[in-house]
Amino acid sequence: MAEQTDVSLIKASSELGDIKISPNVLEIIASIASVQVNGVKRMRGSLATSVNELFGRKEFGKGIKLNFKDDKLIVDVYVYLNYGVSVPKVALEIQEQVKQQLLFMTELDLGEVNVHVEGIVPERIDKKTDSNNLLNSNSSDKGEK
């Protein structure tokens with residue numbers, strides 16, 4: 001989470017008042033933008049987010065860390081990628097998507113978007129079991145004469 005409580009939009013200040021955005025909103029925008037990139041399997045989560053998702057509560061802000069340096073927003077994205085994708089291409093696409101979505105939705109200029117690839121997730125191969133041949137599958141002919 002970000003060090004500041006709310007982010008003020010300087011460009012959006014008017015005679016009606018200021019507009020402030022919670023860092024949670026920025027985390028959610030960046031997380032959704034990252035997951036939508038082809039090749040991204042999932043975002044890094046904590047034990048708490050994993051438990052929440054087991055109970056059906058979707059955590060959208062996971063895998064994102066926000067920092068402010070010299071009044072610039074720095075976004076760190078932690079992702080797991082699908083096996084077989086080009087890591088540099090996917091990482092560049094994540095950077096572009098996060099930058100575009102945050103600029104489009106909040107008009108914030110980002111200082112940096114750092115992508116941290118936490119791991120590669122191989123394709124899951126489901127072994128199908130033949131229900132008609134449960135006892136004889138992968139058995140040799142030992143003892144049968």
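These legends describe close-up views of one predicted model. Residues are numbered from 1 along each chain as its sequence is written, and side-chain values use heavy atoms, without hydrogens or water. Local features need pLDDT of at least 70, side-chain atom pairs count only at pLDDT 80 or more, and totals for chains, interfaces and linings use all residues.

**View 1. The chain and its elements.** The chain has 3 helices and 6 strands (DSSP runs numbered from the N terminus: helices are H or I, at least four residues; strands are E, at least two). From the N terminus on, the order is β-β-α-β-α-β-β-α-β. Of the 145 residues, 29% are buried (under 20% relative accessible area; exposed is over 50%, partly exposed in between; 1.4 Å probe, protein chains only).

**View 2. Ser34 and its contacts.** Ser34 belongs to helix 1, residues 23–35. Ser34 counts as buried because its relative accessible area is 0%. Beyond neighbours within four places in sequence, Ser34 is in contact with Val40, Met43, Ile64, Val77, Ile94 and Val98 (heavy atoms within 4.5 Å).

**View 3. Tyr83 on the surface.** Tyr83 sits in the loop between strand 5 (72–82) and helix 3 (87–106). Its relative accessibility is 62%, so Tyr83 counts as exposed.

**View 4. Arg42 and Tyr80.** Arg42 lies over the face of Tyr80, 4.5 Å from the ring centre. A charge sits over a ring if NZ of Lys or CZ of Arg is within 6 Å of the ring centre and within 35 degrees of the ring normal.
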